Amino acid sequence: MMVLVTYDVSTTTEAGKKRLRHVAKQCVNYGQRVQNSVFECLLDPAQFAALKNKLEGIINKDEDSLRYYFLGSNWKRRVEHVGARQTFDPEGTIIV
Amino acid sequence: MRKMLNVLYVTNPEAYLVKDGENLVVRIQDQEAFRTPIHYLEGIVTFGYMGASPALLGMCVEKGVTVSFLTASGKHQATVHGSPKGNVLLRRKQYRLADSDHDSAQIASMFIIGKLANCRTVLRRFISDYGEKVDAAQVVNVSKILARNVLRVNKEIHLDEVRGIEGESAREYFSVLNHLIVAQKEYFYIQGRNRRPPLDNFNALLSFLYSLLLHEARAALETVGLDPYVGFLHRDRPGRVGLALDLMEEFRPYMADRLALSLINRRQVTGDGFIKKESGGVVMKDTARKAVIEAWQKRKREEITHPFLNKKIPAGLLPYAQALLLARHLRGDLDRYPPFVWK
C-alpha cells in the first residue's frame, strides 16, 4: 500500500532541529521524498508498523505532528503531480 | 505468494551505485541521479563497466537483493548474493538426484516438455493469427513435429535422448522463426540460433532477452533455497548455472521469443538499433536496449493464470512459482515436476 507521510517538526530549539533531521532520515529510508516534508512510501503493513514506531519514538508530541494518508494499492489514480521535482514510479520500469 | 518487487536496470556507463542509509543512490559524475529505498527492489542489473560500493553490496546481500553485472552487450559477468540460504537438506536432495542419471532424465524431460509445448504455442498462435495471410505450411509442419516430440519425451527415456530430441526440436523451431517475422524482414532474418557472439540482429535481441531471463531464473532458485549451479539437463561445469539454465528452458518461448517477435513486428526495435562489429558479432545500441528492458518490465507485470497453481500471478513471478514447484518435487511433496505450459 502507498502511505503518504507528512510531518511538522518545531525547529525553534536545537533539540527540535535534531528531531527534524531524524524524522526526515527515517522517512527517506522508507519512501520517496516528493516535497520537503512529504514522503510517498510504498509499504507492507509490517514495514508501516516499523516506520510508525520509529517516527513516533522520535517526535515530541507536544510540539510536532505527523500525518499518514493511506492511498491503498490503487494509489496511482489518486495522485497527480504538477511542476518541478520529478518523481519515479516505484512500480514502473526503472532504468538509469 | 511473494510480492513482485521492482528491478532497477542501470544502463548509463558512468553510473556508480552507493548506499545512503537504507537507500540506494545512483551517482553519475558525482551527482546524485536517482535514489530509492532498497525495499522497493528485488534486483539490480547493471550493464557496462560500472561499480557499486562495498557498503551497497553489503546492504543488498542483507536485504536479499540480487545484483547482477552484465557487459554492455548483456553477457553475464558476475552476480552478488548473500551466503546460500534455505534448506541444506533440500540442496543435498538436489545433488543426489542430479547424480542419478535416471532421476535427472525424469526432471530434465519435464523442463523440455514445457519448452516444446510452449514453442509450439508460439507457432500455433502465429498460425491462428496470420495463417491465412501467409503460407504457413512449414510452420504447421514444425508445430506437428514439436507435438510429436512432446510425446516422445514424455516416456521413460535416457538423458542423452532428451538432449537429442531437444536439439532436433530447437533446430526445427528456429528454422521457421523467420516466417513469424512479418515486419522489417530486411533487418531481421535468422539462419538458426547462434551466440557468442550473435551474428545477426535477431540473435542479438534473443541473447539479450535470455540473459535477462537467466538473471530471474537464478534469483528465483536462490530464493527457494536451491543451488542454481547444479542442473539436471545441463551438466556441471565451473561457472555455469546449470539449474538456472534448466529452469529457463520452459520460459524461453513464452517470455523471450514471443517478446522478441512482437518487438520486431510492432517496430518497437528497428534495424538501426544494432551495430555489426568487425568480428562479425552484433551488439545492441543503448536506445534499443532501453526499449527492450521497458517492454520486458511491462510484460513481467502482465497477469497470467498459472496452469498448475490455478492462480493469477504477474508473469514476472513465473520463474519463482516454478522454482517453488521444483523444490516441492525434490522434497517429494509432488510426484512430478509440473512444467509451466502456456495455453
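**Note on a two-chain predicted model**

1. From the N terminus on, chain A runs β-α-β-β-α-β-β. That gives two helices and five strands. Helices (H or I, at least four residues) and strands (E, at least two) are DSSP runs, numbered from the N terminus. The C-alpha atoms of chain A fill a box of roughly 40 × 30 × 25 Å, taken along the principal axes.

2. A word on the ground rules. This is a predicted model, where local features need pLDDT of at least 70 and side-chain atom pairs count only at pLDDT 80 or more, while totals for chains, interfaces and linings use all residues. Residues are numbered from 1 along each chain as its sequence is written, chains are lettered from A and ligands numbered from 1 in the order in which they are written, and side-chain values use heavy atoms, with hydrogens and water left out.

3. Start with the interface. Chain B gives 25 residues to the contact and chain A gives 19 residues; contact means heavy atoms within 4.5 Å. The size of an interface is often given as the accessible area lost when the parts come together. Between chain B and chain A, the buried area is about 1700 Å², and carbon and sulfur atoms give 60% of that. Buried area is the accessible area (1.4 Å probe) that two parts lose on being put together, summed over both.

4. What joins the two sides? The rule finds 10 residue pairs in polar contact across the interface of chain B and chain A, both residues being at pLDDT 80 or more. A polar contact is a pair of N or O atoms within 3.5 Å; within protein, one must be able to donate a hydrogen and the other to accept it, and residues adjacent in sequence count only if both atoms are side-chain atoms. Salt bridges across this interface number zero. A salt bridge is a side-chain nitrogen of Lys or Arg within 4 Å of a carboxyl oxygen of Asp or Glu.

5. Look next at the side of chain B that touches chain A. The elements giving it two or more residues are strand 1 (6-10), strand 3 (23-28), strand 4 (31-37) and helix 9 (286-301) of chain B. Its residues divide into 11 nonpolar, eight polar and six charged. Here Ala, Val, Leu, Ile, Met, Phe, Trp, Tyr, Cys and Pro count as nonpolar, Asp, Glu, Lys and Arg as charged, and the others, Gly among them, as polar.

6. Two strands pair if DSSP finds at least two bridges between them.

7. Follow Tyr9(B) in this sheet. Strand 5 (residues 94-95) of chain A runs parallel to strand 1 of chain B, joined by two bridges. Ile95(A) has Tyr9(B) as its bridge partner. Strand 1 of chain B also runs parallel to strand 5 (residues 41-47) of chain B, with five bridges. There, Tyr9(B) stands opposite Val45(B).

8. Chain B has another open sheet: four strands in the order 4-3-2-6, with mixed pairing. Strand 4 and strand 6 (51-52) of chain B are at the edges, each with a single partner strand, so one side of each is left without a neighbour in the sheet. Strands 3 and 4 of chain B pair antiparallel over six bridges, and Arg27(B) has Glu32(B) as its bridge partner. Strand 2 (residues 15-20) of chain B pairs with strand 3 of chain B, antiparallel, over six bridges. These two strands form a hairpin with two residues between them, and Gly21(B) in the turn has a positive phi of about 60°.

9. Last, the record. An unreviewed UniProt entry lists Glu166(B), His234(B) and Glu249(B) under "binding site". They span 84 residues in sequence, yet no two of their C-alpha atoms are more than 12.0 Å apart, so they gather at one spot. UniProt positions are given in the numbering used here, feature names are shortened, and annotations may be inferred rather than shown by experiment.
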